[in-house]
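Subject: Handing over the two-chain model

Hello,

Here is the structure I promised to pass on to you. Have a look at it first, and then read my notes on what turned up.

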Number of protein chains: 2
Amino acid sequence: MKLLLYTVRWLSILLMVVASPAKSQPTQPYSYPSSEVVRIHSQLLNEERKVYVHCPKVDSTDKNKRFAVLYVLDGDNHFELLAQYVEYLSRPDVLAMPKVIVIGIPNTKRTRDLTPSNSLLNYEGKPDSSSYQGSGGNEKFLQFMATELMPMIEKTYPTAPYKILAGHSFGGLASLNCLLTHPDLFHAYIAVSPSLWWDREYLLRLAAEKVKNGSALHKTLFFSDGNEGGRNSFFHKHLVKLEATLAKKKLKGLDYLYKHYPTETHMTEPVVAYFDALRFIFKDWEKHR
Amino acid sequence: MKLLLYTVRWLSILLMVVASPAKSQPTQPYSYPSSEVVRIHSQLLNEERKVYVHCPKVDSTDKNKRFAVLYVLDGDNHFELLAQYVEYLSRPDVLAMPKVIVIGIPNTKRTRDLTPSNSLLNYEGKPDSSSYQGSGGNEKFLQFMATELMPMIEKTYPTAPYKILAGHSFGGLASLNCLLTHPDLFHAYIAVSPSLWWDREYLLRLAAEKVKNGSALHKTLFFSDGNEGGRNSFFHKHLVKLEATLAKKKLKGLDYLYKHYPTETHMTEPVVAYFDALRFIFKDWEKHR
């Protein structure tokens, strides 16, 4: 029996070798622009975190150059896309934005780190104890970014002061929470379909309360939603409400763009929204170079 | 002298080690989804060509799976972006399109390979003998694709019959030329800002002549232009004219989409246009799975 098995296995391997068509030439791996994985032990979160870093290649002419930094939440979903956008859009024959350093932050406990309040309610406002245990740690996560991650990045890479925070869904919620509670951590914020349904519109309530009429908020903000249940979806309603709140407060210095993508799903939207967000944030860059 | 040189060299190495801020943890390279470079000797073009190949990772459940193939011209500009789009949009949590094989074709002699006729006229219709010498080789290049490149790819990788040709600028010109002269080579065509100005609107004349009123052309076609000199730019005028020609001929079976991107330049447009093109080509895919 064992012998038979061996014979069959060997025969099938032989057949595979004979049957597989030969490649016309030897191949070699394609080299993508290099990025790296950096590990950092967080005392605040009491865990090891890794981050993905894409740092522009520095040639001899810009050895002293320093680069703005784009921090991307949900790193496993969007780091590669944003690194690709930055590479392409900063090419000398495209020049739509400067080279920037991209930092992708993959999740360990996504709900813990990205939600601004402790809640067990799902998007319909009904209790869902299984999914949202331990929620509400975004403040601590932002502290980790401010006091552990960002100093390490700034010590290690040729960073300029300008910083962007980008997030999608719960990541968008975290990005807006940072804008409202620690606006000075970043210069620009991107919130792609932020989950404003969280905890009975916690963040919309926070915005109404925190943002004072006529106050100054010298920041750049891009936010958007897709087709997440049509025109009547709660995503769309909430984003429209956020824009109305911002418009009503007549803030000084806030340069914002809200985009609705009726043909994109919750998961395809980031592809076009992150591109539009970069185009918006760097719209005047070419002028000022 | 030699000793002094050694001492200086060693001192400078020592100083670098001391002065460079220590990273908190050792780093490791980030691994992008692997792609490869394949070389093929073309008898037709009498030169060695390389192509970039991004083939989906096949897991044990889809060992017999075969994948549609997306051929991208100007491979050095757009291969990485398209490989990234395919990777992301075919993820199980996104599922906006199937996994496909992406083939990027970098240029050797761009003008020779991508222009459909021999001409020395520039975009203003004025003679420019220096730039366009040797133009008009697109027919031979399409022969190379049909008889040398595509058979090699189909022998080597798990290809399904469905094929897409994508190009930008001169590459868009080549894509449309293929649709008009060898429509059966591909199932879908993408032409992002095709250089329809080429040779006194050679391709618009060819379209008017080749495409018979009411004839059947069961193909998918996406074409677009950006802001290339505003509403009155020749790019925009030509694309509008192309759409008018297609509409007037009342073709049977041609599923086409024309998009104008007024906020994008000639070089930023491919980022959003290639995304929209993939979304258009695979719009009914989810339904038919």
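Two strands are said to pair if DSSP finds at least two bridges between them; strands (E, at least two residues) and helices (H or I, at least four) are DSSP runs, numbered from the N terminus. This is a predicted model, in which local features need pLDDT of at least 70 and side-chain atom pairs count only at pLDDT 80 or more, while totals for chains, interfaces and linings use all residues. Residues are numbered from 1 along each chain as its sequence is written, chains are lettered from A and ligands numbered from 1 in the order in which they are written, and side-chain values use heavy atoms, with hydrogens and water left out.

With that in hand, strand 2 of chain A pairs with strand 1 (residues 27–29) of chain B in the antiparallel sense, over three bridges. Within this pairing, Val38(A) has Thr27(B) as its bridge partner.

Now to the interface as a whole. Chain A and chain B each bring 52 residues to the contact (heavy atoms within 4.5 Å). The buried area is about 4,500 Å², with 54% of it from carbon and sulfur atoms; buried area here is the accessible area (1.4 Å probe) that two parts lose on being put together, summed over both. Tyr30(A), Tyr32(A) and Glu80(A) supply 17% of what chain A buries against chain B, more than any other three residues.

Between the two chains there are 23 residue pairs in polar contact, both residues at pLDDT 80 or more. A polar contact is a pair of N or O atoms within 3.5 Å; within protein, one must be able to donate a hydrogen and the other to accept it, and residues adjacent in sequence count only if both atoms are side-chain atoms. On the side of chain A that touches chain B, helix 2 of chain A gives the largest share, 11 residues.

Two salt bridges cross the interface (a side-chain nitrogen of Lys or Arg within 4 Å of a carboxyl oxygen of Asp or Glu). One of them joins Arg279(A) to Glu264(B), with the closest N and O atoms 2.8 Å apart.

How are the two copies related? A rotation of 180 degrees with 0.0 Å of shift along its axis superposes chain A on chain B, at an RMSD of 0.0 Å (least squares on the C-alpha atoms of residues with pLDDT of at least 70 in both). That is the relation of a two-fold axis.

Best wishes
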